[in-house]
Amino acid sequence: MQVRQLIQDTKLSDVKVSPKVLVSLNLNQTVIEAAQVLEKNHILSAPVLDESKKCIDVVDRLDICLYTLKSLNILDPLATKSDKDVTVDTLAKLIASKERNNFRSMSATSSFADVLQALVTSHRVCIV
């Protein structure tokens with residue numbers, strides 16, 4: 001089978017991954033707590049889930065770094081709260097205000113080709 005055909009025919013749900021607990025963030029966590037979760041779990045990003053456990057965004061270490069730089073007025077003024085009190089919700093609003101946040105949810109039945117195509121126009125893809 002050619003690589004192109006394999007990518008088009010393989011669904012994400014067909015891929016066997018080792019069972020792990022999904023590490024996620026909630027809207028009430030502080031940015032510091034989010035950074036600690038990413039560091040503790042040795043991961044670069046995590047989905048942000050709302051109260052109904054729906055994935056509404058993805059926060060990564062770059063988001064946290066950019067927020068920190070902005071809050072220190074290194075890039076531009078942004079933060080009005082103490083850094084320890086800033087929630088993931090505030091961070092998500094910052095991310096949403098930038099072109100960088102082209103978040104897209106996709107189904108586990110999507111093909112690798114669909115996901116690769118989505119990544120051409122979207123920075124983040126969350127498989128639900």
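Please keep in mind that this is a predicted model. Begin with the sheet: three strands form an open sheet in the order β1-β2-β3, and their pairing is mixed. Colour β1 and β3 (55–60), the edge strands, each of which pairs on one side only. Now zoom in on β1 and β2, which run parallel and are joined by two bridges. Select N26 here, and you will find it opposite L49 in β2.

How far apart in space are T87 and N26, C-alpha to C-alpha? The distance is 9.0 Å, although 61 residues separate T87 and N26 in sequence. T87 sits in the loop between α3 and α4 (88–96). Is T87 buried or exposed? T87 counts as buried, because its relative accessibility is 18% and the cut-off for buried is under 20%. Show its surroundings: leaving out residues up to four places away in sequence, T87 touches L27, N28, Q29, T30 and V31.

Next, move on to V88. With residues up to four places away in sequence again left out, V88 touches N26, L27, Q29, T30, A34, V48 and V59. V88 also belongs to the largest nonpolar core, so select its other members too: L25, L27, V31, A34, V37, L38, A46, V48, V59 and I64 complete the eleven residues. Two elements, α2 (31–40) and β2 (45–49), each give two or more residues to this core. Of these, α2 supplies the largest share, with four residues.

At the N-terminal end of α3, select D60, which caps the helix: one of its side-chain oxygens is 3.1 Å from the backbone nitrogen of L62.

For the last stop, select T10, in the loop between α1 (3–9) and β1 (25–26). T10 is buried, because its relative accessible area is 17% and buried means under 20%. Follow the side chain of T10 to the backbone oxygen of L6, which it reaches at 2.7 Å. Then display the contacts of T10 beyond its neighbours within four places in sequence: they are V15, S110, S111 and F112.

Terms used. Residues are numbered from 1 along each chain as its sequence is written. This is a predicted model: local features need pLDDT of at least 70, side-chain atom pairs count only at pLDDT 80 or more; totals for chains, interfaces and linings use all residues. Side-chain values use heavy atoms; hydrogens and water are left out. Buried means under 20% relative accessible area, exposed over 50%, partly exposed in between (1.4 Å probe, protein chains only). A polar contact is a pair of N or O atoms within 3.5 Å; within protein, one must be able to donate a hydrogen and the other to accept it, and residues adjacent in sequence count only if both atoms are side-chain atoms. Contact means heavy atoms within 4.5 Å. A nonpolar core is a set of buried Ala, Val, Leu, Ile, Met, Phe, Trp, Tyr and Cys residues joined through side-chain atoms within 4.5 Å. Two strands pair if DSSP finds at least two bridges between them.
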